[in-house]
Amino acid sequence: MDAKRFLVVSADAALITDLAWQIHREGHDVKYYIEAESDREIGDGFVPKTDDWRAEVEWADVVVFDDIWVGDDVGTGAFARELREEGTAVVGGTPNTDRLEEDRGYAMDVLEAHGVDTIEHHVFGDFDAGIQHVREHPAPYVIKPLGEVQNVKRLLYVGTEDDGSDVVDVLRAYKKAWGHRMKGFQLQRKVEGVEIAICGFFDGDRFIDQVNFNFEHKKLFPGNIGPSTGEMGTSMFWGGRNKLFEETFGKLEDWLAGEGYVGSIDINCIVNETGIYPLEFTPRFGYPTIALQEESFESPTGRFFYDLAHGNDPELEVHNGFQIGVRVVLPPFPFDDEKTYDENSRNAAVVFGTDSHDGIHLEDTKRVDGQWRVAGESGMPLVVTGKGETMQNAREQAYERLDDIVIPNLYYRDDIGERWIGGDGDRLQAWGYLGPQS
């Protein structure tokens, strides 16, 4: 494939540096735009930059948006739709697909309208009404904030008490501490089972045949303990249109085609012996999921996304075993504390024990005079990946690679992939979800 021109747009924080770097390394022309001033140094020394993405649209063969959020109730889906109407090939969403993530009530309505089973859920704009509901219908619930604060991960609360008393206590606390910003929330009935995400790439008309199944690790500490983060690591494998796919995205394919959606879209679910229950959408790239997906691509990344954006019936060859990705973080992650970050993490050197950078993927990193350094404000410099014929093989490769990385004060979870080995895989197989759809 001849070199193509990719304009990669981070309309808020810099999230997709690694994909831009990978496409650039394959010989394509890349221009990377980062809106957030605090993040603009991310990717320096790795990827060519631009400070005005709109001025580069005519230059680009493909425009890639990394996230849905811009601010002030404006999402990148509006930009992507505008560009498509002008004839530009875009990897990105639409206002309605953006809304799948922003408005959980709307997302559940879309699922139900297309015959997808959902967990009992209720949206409230008033804390007292939510508390009254739990008292009248005692059960364990999950609290999911809506609107402005939905990405404050520590506000998501998973109830443990059968009578819902802990959920009532948390809602009372949120009313006092967050009532001025938390304008709404969803109460979702807690369901026990295996948490698994189904992820597909949509080309505007249909899903490609390769389907990704991944397992998120949101808590900060091993054993799923501690505060919630954006993500500490992911394990995954690729499969076909099995029962998990057909009972979720298989029913939404026509709706997504009507929207003209192009890109990665993920639906996180709880599954058990009685059914598949969607929890939430990610109508964009997942992080660090996309870095791990790149690691498992066995065909060129740039060509795949070019063909995806142009509706050229993209082909994707992938590693057929298992893969894991581990996020390497620094203080004060996942919290914001400028003094702690300045003293412990800002501009820290990233040192490698070997010359090989296999399995090393960029997040908040820059390169200065050949030296990798921590960049930005978030304390998430790297994702380290591994793959193998078994999940254990993938774990061994990833953690061997991690042993060769030196950054003062780094930390990470050392149990990514263990849930699969510990029984999740056996349960999914026993329930009949992983075989080919007949």
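On a 1 Å grid over the protein atoms alone, a pocket is an open set of points where a 1.4 Å probe fits, with protein on both sides within 12 Å along at least five of seven lines, and its lining residues have an atom within 4 Å of a point. The structure examined here is a predicted model, in which local features need pLDDT of at least 70 and side-chain atom pairs count only at pLDDT 80 or more, while totals for chains, interfaces and linings use all residues. Residues are numbered from 1 along each chain as its sequence is written, and side-chain values use heavy atoms, with hydrogens and water left out.

The second largest pocket holds about 190 Å³ of space, a volume being the space filled by probe spheres set on grid points that are joined across faces, edges and corners. Its lining comprises Gln22, Arg25, Glu294, Glu295, Phe297, Ser299, Thr301, His357, Asp358, Gly359, Ile360 and His361. By class, 2 of these residues are nonpolar, 6 polar and 4 charged; Ala, Val, Leu, Ile, Met, Phe, Trp, Tyr, Cys and Pro count as nonpolar, Asp, Glu, Lys and Arg as charged, and the others, Gly among them, as polar. At least two lining residues come from each of α1 (17–25), α9 (289–296) and β18 (360–362). Helices (H or I, at least four residues) and strands (E, at least two) are DSSP runs, numbered from the N terminus.

Helix α9 is largely enclosed by the rest of the structure, because 8 of its 8 residues are buried (under 20% relative accessible area with a 1.4 Å probe and protein chains only; exposed is over 50%, and partly exposed lies in between). The buried residues of α9 include Glu294 and Glu295, which also line the second largest pocket. Arg25, another lining residue, has its charged end over the ring of Trp21, 3.7 Å from the ring centre. The charged end of Arg54 likewise sits over the ring of Phe79, 5.0 Å from its centre. The criterion for such a contact is NZ of Lys or CZ of Arg within 6 Å of the ring centre and within 35 degrees of the ring normal.

Aromatic pairs number 29 in the structure. Rings of Phe, Tyr and Trp (its six-membered ring) pair if their centres lie within 6.5 Å, and planes under 30 degrees apart count as stacked, over 60 as edge-to-face and the rest as tilted. Phe202 and Phe207 form an edge-to-face pair, at 4.9 Å centre to centre and 80° between the planes. Phe202 is buried, with a relative accessible area of 0%, and Phe207 is buried with a value of 0%. Trp431 and Tyr433 are also edge-to-face, with centres 6.4 Å apart and planes at 80°; Trp431 is partly exposed at 24%, whereas Tyr433 is buried at 2%. One aromatic cluster is formed by Phe201, Trp238, Phe285, Phe297, Phe304 and Phe305.

Strand β11 (residues 194–203) is mostly covered, with 9 of its 10 residues buried. Two strands pair if DSSP finds at least two bridges between them. β11 pairs in the antiparallel sense with β14 (residues 262–272) over 10 bridges, and Phe201 has Ser264 of β14 as its bridge partner. Between β11 and β12 (residues 211–221), 3 antiparallel bridges are found, with Phe213 of β12 as the bridge partner of Ile198.

A separate description applies to the open sheet of 4 strands in the order β2-β1-β3-β6, in which the pairing is parallel.
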